[in-house]
Amino acid sequence: MTTPPRGPVDSSRIPRFAGPATFARLPRLDEVGQCDIAVVGVPFDSGVSYRPGARFGPSAVREASRLLRPYHPGLDVSPFTETQVADAGDIACNPFDINEAVETVEHAVGELLATGARPVTIGGDHTIALPLLRALSRKHGPVAVLHFDAHLDTWDTYFGAEYTHGTPFRRAVEEGILDTEALSHVGTRGPLYGKRDLEEDRRLGFGIVTSSDVMRRGVDETVDALRQRIGERPLYISVDIDVLDPAHAPGTGTPEAGGLTSRELLEILRGLAGTHLVGADVVEVAPAYDHAEITSIAASHVAYDLISLLALTQRP
């Protein structure tokens, strides 16, 4: 960008609870014309297998993000002054046709990437990870994936449907758009349909760091292992908010006991500073099941940390 970035509304002059709820009170994309990092919502949840409601996630996360401030002391970066970050609004998907919705997301994100913007996407359910990865792989080739989730999301089908929130990473491997030497789940836990789930997941190329592993090994050892696996590859980070324990994220569609704390998740993300991050998402916030915005606040901070990591990659 040749002109200084336009940042958020000044909260010392206009109260945080006033005005439009763009993410972190940032300018809209149509107000700045072009951006380095685009926050985009996908209010879609037709791929869920249990509790619906993540279609309202983008608006809830934006509302919770009003309290975010411009300087990130943990990463020593001011993402909104070092890069132009803008809210690109929502991608309007067909809620009655999953295949069409997947195509719509892929096309819309492809257009954003063509402008030079890097996306941080707020879902919506995890189905949307597949079209996001398709669009990014066209630009960067097969990408490394760091997948924070209580679940594997590498199942084959649900009720015969290939595109659901439990299948995106299996489809992505099958389509050849992921670097199968650099795939990791973090925070998985809870019962499975059978041991075969883990065997098939390994066959697809995923390594697993369970929530118990994080508890026993700690954040630093977890980060070291992830960084070794990722290397210098183009990296996509996908965060299902249910990676957090229900105490930290009750507002989600498929909660599982025994998850990460919000502190652990944020510290692991911060430990990835300097990796070649090319895009990210935060999905599965279902505000109807939330309490006191606990989940939305956590998701807004995760998105802020992802934006900050992207801003760091742009430093000379």
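A residue counts as exposed when its relative accessible area is over 50%, and as buried when that area is under 20%. Y193 has a relative accessible area of 64%, so Y193 is exposed. The model discussed here is a predicted one.

Across the whole structure, a search finds three aromatic pairs. Two of them are followed here.

Start with F80 and Y304. Their ring centres are 5.9 Å apart. The planes meet at 55°, so this pair is tilted. F80 belongs to helix α3, residues 79-82. Y304 belongs to helix α11, residues 294-313. The pair therefore ties together parts that are 224 residues apart in sequence.

Now turn to W155 and Y193. Here the ring centres lie 6.1 Å apart. The planes stand at 85°, so the pair is edge-to-face. Both residues sit in loops. W155 is in the loop between β4 (143-148) and α6 (168-174). Y193 is in the loop between β5 (178-188) and α7 (195-204). This pair therefore ties together parts that are 38 residues apart in sequence. W155 has 13% relative accessibility, so W155 counts as buried. Y193, by contrast, is exposed at 64%.

One more ring contact involves a charge. R51 lies over the face of Y289. The distance to the ring centre is 4.1 Å.

Note on methods. Residues are numbered from 1 along each chain as its sequence is written. This is a predicted model: local features need pLDDT of at least 70, side-chain atom pairs count only at pLDDT 80 or more; totals for chains, interfaces and linings use all residues. Side-chain values use heavy atoms; hydrogens and water are left out. Rings of Phe, Tyr and Trp (its six-membered ring) pair if their centres lie within 6.5 Å; planes under 30 degrees apart count as stacked, over 60 as edge-to-face and the rest as tilted. Helices (H or I, at least four residues) and strands (E, at least two) are DSSP runs, numbered from the N terminus. Buried means under 20% relative accessible area, exposed over 50%, partly exposed in between (1.4 Å probe, protein chains only). A charge sits over a ring if NZ of Lys or CZ of Arg is within 6 Å of the ring centre and within 35 degrees of the ring normal.
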